[in-house]
Amino acid sequence: MNFATDTLKKSGLTAVDLERRTGIPREYFRRLRREEHVRRSNLNTKKGIFHNTRVFATDDTRWQQVATILLPESSENRQRFLDAVATLQGRRSPEDAVEGFGERKAMILTGRVEAVLVCDQEAQSTEQKEKIELFPDGVAGDRHTRPWRHLGVRDKVLTAFGLPKGVLLAPTRQVSIVSVEELQAIGKTLGTKKPIPHGALGENLVIAGIPRLTQLPPGTLLCFRKGGAPRTAVVAVWAENIPCIISGTEVQAATETENIAGRFVDVAMGRRGLVGFVMSSGVIKKGDEVVALIPAQRLYTP
C-alpha cells in the first residue's frame with residue numbers, strides 16, 4: 001500500500017476534518033484513501049491550489065501541513081509521506097518514494113534528437129531544419145532569441161507577488177523541447193485524426209527515448225554528441241512548459257481534428273514538454289544523441 005494512503009487511514013481523521021484544517025478539498029483526501037492516481041493541474045494563484053473539474057491536487061506547502069498534522073513527531077516519516085503523495089501525483093516513482101525519502105541521486109539518461117526546428121518572427125509553429133545553432137541569446141533565427149524577455153501571463157508566481165507585466169526577465173524560455181512519446185500519448189488521448197506533427201507546438205527540439213521528459217527537473221543539462229564525439233551545445237532545463245489554448249488550437253488545425261483545442265490544455269498537462277536556456281553555444285543536428293545530465297535532488301522541507 002502507498003505510505004500516504006496507509007498513514008491517512010490510520011490517522012482516524014475524516015476528509016472533512018482535513019479539509020477544514022488545511023483548505024485542501026475533501027475529494028482529494030477521498031481519492032488518496034482509494035490510492036488513486038492524482039495529477040497536478042494548473043495553478044490558481046488566487047486560491048493557492050491546483051485544481052481542475054475532475055481531479056483535485058494541491059501545492060507542496062499544503063501537503064507539508066498535512067504531513068505535520070498526521071506525523072507530528074517524525075520528520076523522516078513526514079518526508080516519506082510527501083514522497084508517497086508525489087508518487088500518486090505521478091511526479092516520483094514508487095521506488096524513489098519508499099527508498100529515497102525525498103532524495104534522488106544524480107543520473108544520466110540518453111535519447112535521440114528526432115527533429116530540430118526554428119520558429120520565425122511571425123509564426124506560432126516551427127519549421128524543421130537539418131541543424132540549429134545555439135548562441136547565448138537563443139536559437140539562431142528563432143523569434144524567442146533575445147538577451148531578455150518580458151514578464152507575461154506565464155509568470156503567475158511573479159505577478160502574484162506584485163511584479164508588473166513588462167519587467168525584463170532573464171531569457172529562460174529560449175528553447176522549447178518536446179518528447180515523441182508524450183506527443184503520441186497526447187494524440188491518442190485526444191483521438192486526433194493524424195499524429196501531432198513536429199512543429200505544431202512551436203518546439204525547437206523533438207526528443208525520443210527519455211522517459212517522462214516533461215518531468216525532468218530544473219537544472220538538468222541536455223548535452224549532445226554525434227558518433228561519440230560531444231558537441232559544444234548545451235541546453236539547461238528551466239521548467240515545464242504549461243499547455244495553453246493557443247497550442248491546442250494549433251494542434252487542432254494540424255491534426256484536422258475538431259473540438260480538441262479546449263481539451264488539449266487538460267490532456268497535455270505534464271506532457272507538454274520543457275523550456276530551457278542556452279548554457280553553451282554550438283550546433284545540434286537531427287539524429288544526434290542527447291544526453292540528459294540530471295542533478296541530485298532533495299525535496300525541500302522547511
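**Entry 1: aspartate 288**

I began with aspartate 288, which counts as buried because its relative accessibility is 0%. I keep in mind that this is a predicted model. Next I looked up its charged partner, and found that the side chains of aspartate 288 and arginine 231 meet in a salt bridge, at 2.5 Å from N to O. Aspartate 288 sits in the loop between strand S16 (282-285) and strand S17 (289-294), while arginine 231 belongs to strand S14 (residues 229-240), so the pair ties together parts that are 57 residues apart in sequence. Arginine 231 itself is partly exposed, with a relative accessible area of 23%.

**Entry 2: other salt bridges**

How many salt bridges are there by this rule? I noted 6. I picked out two more to look at.

One of them joins glutamate 256 to lysine 194, at 3.0 Å from N to O. I placed glutamate 256 in the loop between helix H9 (245-255) and helix H10 (261-267), and lysine 194 in the loop between H8 and S12, so this pair ties together parts that are 62 residues apart in sequence. Glutamate 256 is partly exposed at 49% relative accessibility, and lysine 194 is partly exposed at 37%.

Another links glutamate 114 with arginine 112, whose closest N and O atoms are 2.8 Å apart. I read glutamate 114 as partly exposed at 23% relative accessibility; arginine 112 is partly exposed too, with a relative accessible area of 38%.

**Entry 3: strand S16**

Which residues make up its covered face, and which its uncovered one? I found Gly282 and Ile284 on the covered face, with Val283 and Lys285 on the uncovered one. For the pairing, I see 4 bridges joining S16 to strand S7 (residues 131-135), and the two run antiparallel. Leucine 134 stands opposite glycine 282.

**Entry 4: strand S12**

I then turned to S12 (residues 205-208), where both faces are covered. Leu205 and Ile207 are buried on one side, and Val206 and Ala208 are buried on the other.

Which strands does S12 pair with? Strand S5 (residues 107-118) pairs with S12 in the antiparallel sense over 4 bridges, and within that pairing I noted alanine 115 as the bridge partner of valine 206. Strand S11 (residues 175-179) runs parallel to S12, joined to it by 3 bridges; here isoleucine 177 stands opposite leucine 205.

**Entry 5: the nonpolar cores**

What surrounds leucine 205? Leaving aside neighbours within four places in sequence, I listed its contacts, among them Val113, Ala115, Val116 and Leu117, then Ile132, Ile177, Phe224 and Ile284.

Leucine 205 also turned up when I looked at the largest nonpolar core, which has 24 residues. Those with the most contacts inside this core are Ile132, Leu134, Ile177, Leu205, Leu222, Phe224 and Ile284. The elements giving two or more residues to this core are S5, S7, S11, S12, strand S13 (221-226), S14, strand S15 (274-280) and S17. Apart from it I found another core, of 19 residues, including Phe29, Trp63, Ala67 and Phe81.

Terms used:
Residues are numbered from 1 along each chain as its sequence is written. This is a predicted model: local features need pLDDT of at least 70, side-chain atom pairs count only at pLDDT 80 or more; totals for chains, interfaces and linings use all residues. Side-chain values use heavy atoms; hydrogens and water are left out. Buried means under 20% relative accessible area, exposed over 50%, partly exposed in between (1.4 Å probe, protein chains only). Two strands pair if DSSP finds at least two bridges between them. A salt bridge is a side-chain nitrogen of Lys or Arg within 4 Å of a carboxyl oxygen of Asp or Glu. A nonpolar core is a set of buried Ala, Val, Leu, Ile, Met, Phe, Trp, Tyr and Cys residues joined through side-chain atoms within 4.5 Å. Contact means heavy atoms within 4.5 Å.
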